[in-house]
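Thanks, everyone. Let me put the structure up, and then we'll walk through it.

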Amino acid sequence: MSVGKLTTCLWFDGQAEEAASFYTSIFKNSKVTGRHYYPEAGKEFHGREAGSLMTIEFELNDQKFVGLNGGPHFKFTGAISIMVNCKDQAEVDYYWDKLGDGGDKSKRQCGWLVDKFGLSLQIVPDDFHKMLNSTETEKRDRAYVAMLHMEKLDIAGLRKAFDGE
């Protein structure tokens with residue numbers, strides 16, 4: 001592991017391998033890069049069966065992740081999310097549909113969704129980032145307000161709001 005490189009660790013209650021398989025099936029240029037198993041040593045602390053999967057390492061578009069089968073002690077919250085930046089509406093639709101499959105539909109708003117593992121993701125078109133970075137306050141604010149009324153972000157709708165249509 002390189003000094004200064006960041007890896008996101010995601011804590012699961014026995015679903016780390018399923019999650020890694022799910023995410024790597026959705027993102028291109030993705031792969032599982034390693035697995036580590038619980039040893040008999042330290043069982044009084046980890047409480048897991050020796051030989052059961054402890055961690056699974058995977059990459060999604062060159063971003064490193066570790067899925068940890070840590071148990072029921074910690075759950076995901078909306079305070080942490082993974083942002084998926086999309087070049088166009090087709091990508092927004094693809095990631096929204098794939099990542100949202102089986103997720104909590106009641107928690108979808110403003111481009112955010114919660115997947116079937118409880119992880120929050122933001123599916124955001126690059127165009128919206130450009131709108132939010134605009135120096136034209138009125139346009140930026142119209143796009144922002146339009147976003148507040150959306151579940152999945154719609155680039156055409158955001159653009160219309162930005163342009164004042």
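Ten aromatic pairs turn up when the whole structure is searched. Keep in mind that this is a predicted model. Take F27 and Y95. Their ring centres sit 4.9 Å apart, with the planes at 25°. Planes under 30 degrees apart count as stacked, so this pair is stacked.

Where do F27 and Y95 lie? F27 is in the loop between α1 and β2, and Y95 is in helix α3, residues 89-100. The pair therefore ties together parts that are 68 residues apart in sequence. Both F27 and Y95 are buried.

There is also a cluster. Ring pairs link F12, F22, Y23, F58, F65, F76 and F117.

Now the sheet. Strands of a sheet pair through backbone hydrogen bonds, either parallel or antiparallel. Here we have an open sheet of four strands, in the order β1-β4-β3-β2, and the pairing is mixed. Which strands are at the edges? They are β1, residues 8-12, and β2, residues 30-37; each pairs on one side only. On average, neighbouring strands in this sheet are turned by 20° against each other, ignoring direction.

Look at β1 and β4. They run parallel, and five bridges join them. Strand β4 covers residues 63-69. W11 has L68 in β4 as its bridge partner.

Next, helix α1, residues 16-26. It lies across β1, β2, β3 and β4, running at about 10° to β3.

Last stop: Q122, in strand β8, residues 120-125. Buried or exposed? Its relative accessibility is 13%. The cut-off for buried is under 20%, so Q122 counts as buried. Beyond its neighbours within four places in sequence, Q122 contacts S81, I82, M83, V84, G111 and W112.

Conventions. Residues numbered from 1 in each chain as written. Predicted model: local features only at pLDDT ≥ 70, side-chain atom pairs only at ≥ 80, totals over all residues. Heavy atoms only, no water. Pairing = 2+ DSSP bridges. Helix = DSSP H or I, 4+ residues; strand = E, 2+ residues; numbered from the N terminus. Axes fitted to C-alpha atoms, helices over the stretch in contact; angles between N-to-C directions. Contact = heavy atoms within 4.5 Å. Buried < 20%, exposed > 50% of the residue type's maximum accessible area, 1.4 Å probe, protein only. Phe/Tyr/Trp six-rings, centres within 6.5 Å; stacked < 30°, edge-to-face > 60°.
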